[in-house]
Amino acid sequence: MRERGVFVSLEGGEGAGKTTVAELIFELLVAKGWRVMKTREPGGIDIAEKIRTIILDPEHTAMEARTEALLYAAARRQHLIEKVLPALQEGYIVLCDRFVDSSLAYQGAARGIGIDEVFSINAFAIENQMPDLTLLLDIKPEDGMARIHGNENREYNRLDREKMEFHHKVYEAYQEISARFPERIHKIDANRPAEEVAAEVGAVLTAYLVKHFK
Ligand code: TMP
């Protein structure tokens, strides 16, 4: 039995359905008796939610790519220290909607800073605290964006407004990153109803938890 909990991140492009799937998974794991904490990036705590508002404000069109990358990394650090690490120490399964791979895909690849460069500022921010398991909800950008436009309740932020080319770069980057970290990243076809996606995520996650907690 491990003393530390398990750190799980959920990743994917716009409209992959992460938020809905995270909620379904949370309920499923709790029903199975696991102690689970669900959180999100950027955000999850007061300081990081404030940074989120600054980053995603549609009026902040002047924000430069490296400024954006640093703000995501700053929000990540504070959230990790204040919320994620204490929960892991208490043995929780931490389900985090986005983590460092988002910065690699969005800022590193789509903004063109470079994946390795963005990884290095994140290494400073997270000090080796990578997720144990990452579930990548895989959906083509056209299908993801079509879902966003069909969902009136969803926030439509500064990054959603980027051109299709940007979202294609995010998609390609996720493919590259998952090939780089095949042990950690598990790809799931997300172009299906949320319940089906959640069922597969749940099966992968449960198998991982059983293996690691026995
Ligand atoms: P969300 O829509 O999943 O809540 O994420 C907010 C936006 O922030 C989304 O467009 C992805 C973007 N993002 C990055 O560009 N880099 C990051 O490191 C993170 C965590 C999110």
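In this predicted model, the ligand sits in the largest pocket, which holds about 920 Å³ of space. The lining of the largest pocket comprises 40 residues, and among these Lys18, Thr19, Asp97, Arg98 and Arg154 lie nearest the centre of the pocket. By class, the lining of the largest pocket divides into 14 nonpolar, 12 polar and 14 charged residues.

At least two lining residues of the largest pocket come from each of helix H1 (18–31), strand E2 (36–40), H2, H3, strand E3 (93–97), H4, H6 and helix H8 (194–213). The largest share of that lining is supplied by H1, with 6 residues.

Around the ligand itself there are 15 residues, of which Glu14, Tyr72, Arg76, Arg98 and Ser103 come nearest. This shell is made up of 5 nonpolar, 3 polar and 7 charged residues. Helix H2 (46–56), helix H3 (65–89) and helix H4 (100–110) each contribute at least two residues to the shell, and H4 gives the most, with 4 residues.

| Residue | Ligand atom | Distance |
|---|---|---|
| Glutamate 14 | oxygen | 2.8 Å |
| Arginine 52 | oxygen | 2.9 Å |
| Arginine 98 | oxygen | 2.6 Å |

The ligand has 470 Å² of accessible area on its own, and the protein covers 96% of it.

Apart from the pocket, how many cavities of 30 Å³ or more does the structure hold? There is 1 such cavity, and the largest cavity has a volume of about 110 Å³. Its lining consists of 14 residues, with Gly13, Glu14, Ile139, His167 and Tyr171 closest to the centre. The lining of the largest cavity divides into 8 nonpolar, 3 polar and 3 charged residues.

Strand E4 (133–138), helix H6 (141–149) and helix H7 (164–180) each supply at least two residues of the cavity lining, with H7 giving the most, 4 residues. H6 also supplies at least two residues to the lining of the largest pocket. Glu14, for its part, is one of the residues closest to the centre of the cavity, while a polar atom of the side chain of glutamate 14 lies 2.8 Å from an oxygen atom of the ligand.

Terms used: Residues numbered from 1 in each chain as written. Predicted model: local features only at pLDDT ≥ 70, side-chain atom pairs only at ≥ 80, totals over all residues. Heavy atoms only, no water. 1 Å grid on protein atoms, 1.4 Å probe; cavity = no way out; pocket = protein on both sides within 12 Å on 5 of 7 lines; lining within 4 Å. Points joined across faces, edges and corners; volume = space filled by probe spheres on them. Nonpolar A, V, L, I, M, F, W, Y, C, P; charged D, E, K, R; others polar. Near = heavy atom within 4 Å. Polar contact = N/O pair within 3.5 Å; in protein donor to acceptor, adjacent residues only side chain to side chain. Areas by Shrake-Rupley, 256 points an atom, 1.4 Å probe, with all protein chains shown as cover. Sits in = over half its atoms within 2 Å of the grid points.
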